[in-house]
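Dear colleague,

Please find below the structure that I am handing over to you.

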Amino acid sequence: MASKGKEAASTGSNPRGIPYAPFVDKVEDYVASRADVEPTLRSFQEMIAKYQFMEQNLQRRVAGLKDKMPDIQKTLDTVRFLQLRKDEPEPIEANFELNETLHAKASIPPTEEVYIWLGANVMLSYPIEEAETLLSTKLSAAKQSLKNCEEDLDFLREQITTMEVAVARVYNWDVVQKRKEKEEEEKSSKDKKTPTELELDPKYDDYDYPTKAPVPQNGHPGFLTASQQAAVYQLRMMLESEGYTKRLDTLTLLRFLRARKFDVNLAKQMFVDCEKWRQETDLDNVIATWEYPEKEEVFKYYPQYYHKTDKDGRPVYIEQLGGIDLAAMYKITTAERMLTNLAVEYERLADPRLPACSRKAGTLLETCCTVMDLKGVGIGKIPQVYSYVKQVSGLSQNYYPERLGRLYVINAPWGFSTVWSVIKGWIDPVTVQKIHILGSGYQKELLAQVPAENLPKEFGGSCTCAGGCQMSDMGPWREKEWTKPAKWEKKEGATATKPAEPLAAGATAAGTADTPAPAPAAA
């Protein structure tokens, strides 16, 4: 409370010394900021409590006076009657009420004195004249005291009302200030959340394709808030300070930030873990020389390939899990080489596939449309399928975040939809909206997303690539008009070396970012 308010609360009183309540005409005289509101209200409430305590005491006193005054008046009337009859020779005949049902008859001779009961087992003898004077004085004092008490009660009620009004005014002032602050915060927040053009860093951002997302999405390029753009800058500065120089471009950092809900520290840790894995596996050198001659044989058991684009221009990725036979596959290749191929295909997705699709679509495309065919996945194959998917999930989720645009699970076996309805409650709602669980009648919904001419005939489309769609690797990345050499390709004149050592699987702890399923090698 301001000093002026304190003085107003402690100066002035009524004739019995009860202080006046401060009249709050201007709240700012009592509170300078919202921080002063609580102590001021507490002080006012304490004053109200004191007034109420005094009010209760006065009410008890008034009740006591109203009980005693009739007794004093009766006693005074009796003394005056005795004084009038003291000179008469005849005794006074009187009836005394002993209780409600019992009276006693008495004869009172003329007397010059009376006995007055003072309470506390005390009774004193007084001459009639003195008794009359004493009782008259006591009665007058009681009446004056009663009058004062009633005046004080009225005064206290006024002060309590004044303090309640003061409390209401200070409280309402606080509410108004809080509303103003909220409006200012919302305005400031709105300004911060207003999408801005993507701020590129010439040191790292050398894109030769569109850099704006096709539709407004929070946290996506071209629709960043000021705070999200600042998070990119902050993350880059933190990584540079620790010596990182590769993959610090804005689009890459944004994917890691979105995967961790724009928590810069978590995104940094995810990026650092990814770079550590890349260094351990020498992926930057592996991709340029990687060869996977066993691909066609592996595809007999587990086809997984990119094939043209969906209606949004994104690469369509298809995999069929029904034929997985790990024992047979491991006679053709190794788990390590399969994971190496997966990592290489993710790198080829990032460049040249997605850039080519972006150029053709005229807008930035960063994700895929995945078709996962579960036809033939029975109970007996579930352990093998789960084993492989578990192996690759850590790699895809931890090291290649934000690559899933849509996922169509087709030919889902009986009971799969029921299981999905349960587990989707545990998944990020944004991810859930991307996943579509379909049974054997999937064609209509799938064709609504993928043009028939781009979908292989075996899935209800009309495409029949020469040599088979699985091995064609057809898409904008194969069209001269849209494709450009990938940044990881070896410079002209460099000679190919023997196949690089396979990559390790890396950490398998599940991440939170959504990613497409495993990818095959390019043809």
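Why does Leu102 count as partly exposed? The model is a predicted one, and in it Leu102 has a relative accessibility of 42%. Partly exposed covers the range between the buried limit of 20% and the exposed limit of 50%, so Leu102 falls into that class at 42%. This residue lies in strand E2, which covers residues 102-108. Together with Phe96 and Leu98, Leu102 makes up a nonpolar patch on the surface, and the accessible area of the three is about 290 Å² in total.

The largest nonpolar core has 69 residues, and the members that touch the most others are Leu257, Leu395 and Tyr400. The greatest contribution to this core comes from helix H10 (residues 335-361), which supplies 10 residues. There is also a second, separate core of 28 residues, with Val37, Ile48, Ala166 and Val170 among them.

Helix H5 deserves a separate paragraph. This helix spans residues 250-259 and is largely enclosed by the rest of the structure, because 10 of its 10 residues are buried. The buried residues include Thr250, Arg255, Arg258 and Leu257. Beyond its neighbours within four places in sequence, Leu257 is in contact with Ala231, Val232 and Leu235, as well as with Phe262, Val264 and Ala267. Just after H5 comes Lys261, whose phi is positive, at about 55°.

Yours sincerely

Technical notes: Residues are numbered from 1 along each chain as its sequence is written. This is a predicted model: local features need pLDDT of at least 70, side-chain atom pairs count only at pLDDT 80 or more; totals for chains, interfaces and linings use all residues. Side-chain values use heavy atoms; hydrogens and water are left out. Patches are made of residues with over 30% relative accessible area and no salt bridge: like charges are joined within 9 Å, nonpolar side chains (Val, Leu, Ile, Met, Phe, Trp, Tyr) within 5 Å. Accessible areas come from the Shrake-Rupley method with a 1.4 Å probe; for residues, only the protein chains shown count as cover. A salt bridge is a side-chain nitrogen of Lys or Arg within 4 Å of a carboxyl oxygen of Asp or Glu. Helices (H or I, at least four residues) and strands (E, at least two) are DSSP runs, numbered from the N terminus. Buried means under 20% relative accessible area, exposed over 50%, partly exposed in between (1.4 Å probe, protein chains only). A nonpolar core is a set of buried Ala, Val, Leu, Ile, Met, Phe, Trp, Tyr and Cys residues joined through side-chain atoms within 4.5 Å. Contact means heavy atoms within 4.5 Å.
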